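Here is a quick tour of a protein model. Take a look at the fold before reading on.

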Amino acid sequence: MARNTQVAADHNAPPITRILAEFAANHPSRGWSDAVDHEAHRTFLNWLGCAVGAAKHEAVEAALAAVRELQPAPQATLLGRADKVDMASAAMLNGISSHTFDFDDTHLKTIIHPAGPVASALLALAEHTGASGRAVIDALVLGIDVACRLGNTVYPDHYDRGWHITGTTGMLGAAAGCARLLGLDAERTAMALGIAASQPVGLREQFGTMTKPFHPGGAARAGLMAALMAKHGYTASPKALEAPRGWAQVVSPKHAWNEVTDELGERFEISFNSYKPFACGIVIHPSIDACVQLRERGIAPGQVERIELKVHSLVLELTGKKEPADGLQGKFSVYHGCAAGLIFGRAAEEEFADDIVTRADVVALRRKVVATVDDGIDEASADVTAVLVDGRREHVFVEHAIGSLQRPMSDADLERKFHGLSDALLGAQRSNELLKACWTLGDAQDVHGLTTLARP
């Protein structure tokens with residue numbers, strides 16, 4: 001028997017689909033400060049380095065094998081590889097690659113990784129259409145603004161329900177950015193947002209598996225396809241985001257509509273982007289940072305009887321895997337993060353390799369980590385005490401980890417990170433040339449020089 005369960009809804013929501021469509025379609029080119037424009041280039045550079053670095057990962061190989069069964073036309077580049085595929089598949093695969101190491105950018109207010117869906121879709125489309133670098137940067141700023149403002153609207157309730165917010169907002173940011181790159185008017189941009197709104201991608205249950213990086217990849221493909229469909233006249237509800245049974249009200253009990261409209265066109269969410277020095281979930285970073293500091297004080301693993309770790313409950317909810325079986329699971333183990341920080345003094349991708357995660361001395365040290373919940377500690381902080389075998393106690397409290405907005409990575413830090421990801425695949429000289437192409441993208445006639453450099 002059919003049922004019509006009544007669920008409370010806001011029937012007087014502002015027309016945010018139209019508002020965001022008009023913003024994405026009509027905001028002037030480079031209608032923001034030089035600081036915002038520079039942050040867009042930093043975001044693009046960091047995203048591209050992450051995508052190149054993971055280009056040969058088994059998750060990318062498996063996804064590419066599936067794409068090849070579809071016999072795709074060679075329209076767009078796969079970063080870090082000689083392959084070309086159709087632009088929708090390139091958007092998906094570059095999105096997967098960019099998130100596989102969990103080393104990408106983070107909008108800390110929402111824990112969205114915005115570049116994965118948006119930049120992956122834009123670069124594939126721009127390569128096929130011949131769009132200018134300036135058009136790509138404009139679309140990146142606007143697409144990320146759409147994704148993150150909508151994330152602000154529903155976070156944290158949406159995330160708490162189990163949605164992976166990168167994928168469930170990313171298809172909307174990608175749709176807005178691609179609509180901008182295609183030159184769609186506000187009406188067709190609204191249709192692109194509406195088509196994308198029916199394609200939220202990602203459940204948190206998938207964290208620690210190959211399917212987590214599929215979320216930004218799937219969102220990139222969905223957003224690109226939504227914009228292409230709208231270009232050709234495909235229609236959707238003009239209230240797809242705000243309607244009682246629209247995206248925001250279905251995926252979250254919270255819908256702070258003002259987060260979409262407050263200072264729209266004046267404050268850009270890309271300004272609040274951050275970049276990871278450690279290749280794992282952002283909530284582990286304060287704990288790793290603290291253990292790196294313990295190592296810098298001269299504490300050696302053999303001196304440690306136990307590590308007392310106090311963190312916010314979200315940290316253990318997301319990264320409480322005590323016995324990770326491989327590298328992907330290790331990225332969701334605060335226990336492994338602490339061990340890596342103390343043993344190696346870093347936690348780049350190499351420290352999350354399968355053989356490191358299962359190495360005897362690493363396993364032994366992480367088993368000495370005793371984690372407890374203290375919700376008086378912010379989720380971006382960590383309280384760590386090393387209890388030594390001689391009875392001494394060494395304490396470190398990290399309020400804001402390196403890489404946060406309060407302790408940001410510099411341009412030079414990002415370049416070192418880029419080389420660490422790219423050199424093994426492209427070589428140092430070619431990586432340098434690719435870095436320059438990223439920094440000057442806004443001045444480029446098209447993206448073909450950049451994508452050529454990104455292929456071995």
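Is Val373 buried, partly exposed or exposed? Val373 is partly exposed, because its relative accessible area is 47%, where buried means under 20%, exposed over 50% and partly exposed anything in between (1.4 Å probe, protein chains only).

A word on what you're looking at: this is a predicted model, in which local features need pLDDT of at least 70 and side-chain atom pairs count only at pLDDT 80 or more, while totals for chains, interfaces and linings use all residues. Residues are numbered from 1 along each chain as its sequence is written, and side-chain values use heavy atoms, with hydrogens and water left out.

Back to Val373, which sits in strand β6 (residues 369-373). Leaving aside neighbours within four places in sequence, Val373 touches Val311, Ser313 and Leu316, with contact meaning heavy atoms within 4.5 Å. The C-alpha atoms of Val373 and Leu309 are 8.5 Å apart, although 64 residues separate the two along the chain.

Now zoom out. The protein chain has 21 helices and eight strands; these are DSSP runs numbered from the N terminus, helices being H or I of at least four residues and strands E of at least two. The C-alpha trace spans about 70 × 55 × 45 Å along its principal axes. Of the 456 residues, 60% count as buried. Among contacts with a separation of 6 or more, 78% are between residues 24 or more positions apart.

UniProt, in an unreviewed entry, puts the feature "domain: MmgE/PrpD C-terminal" at residues 278-440; such annotations may be inferred rather than shown by experiment. Over residues 278-440 the chain is 45% helix and 16% strand, and the end C-alpha atoms lie 26 Å apart.

Tyr155 and Pro156 are joined by a cis peptide bond, with omega about 5 degrees, and Pro156 lies in the loop between α6 (133-154) and α7 (157-160).
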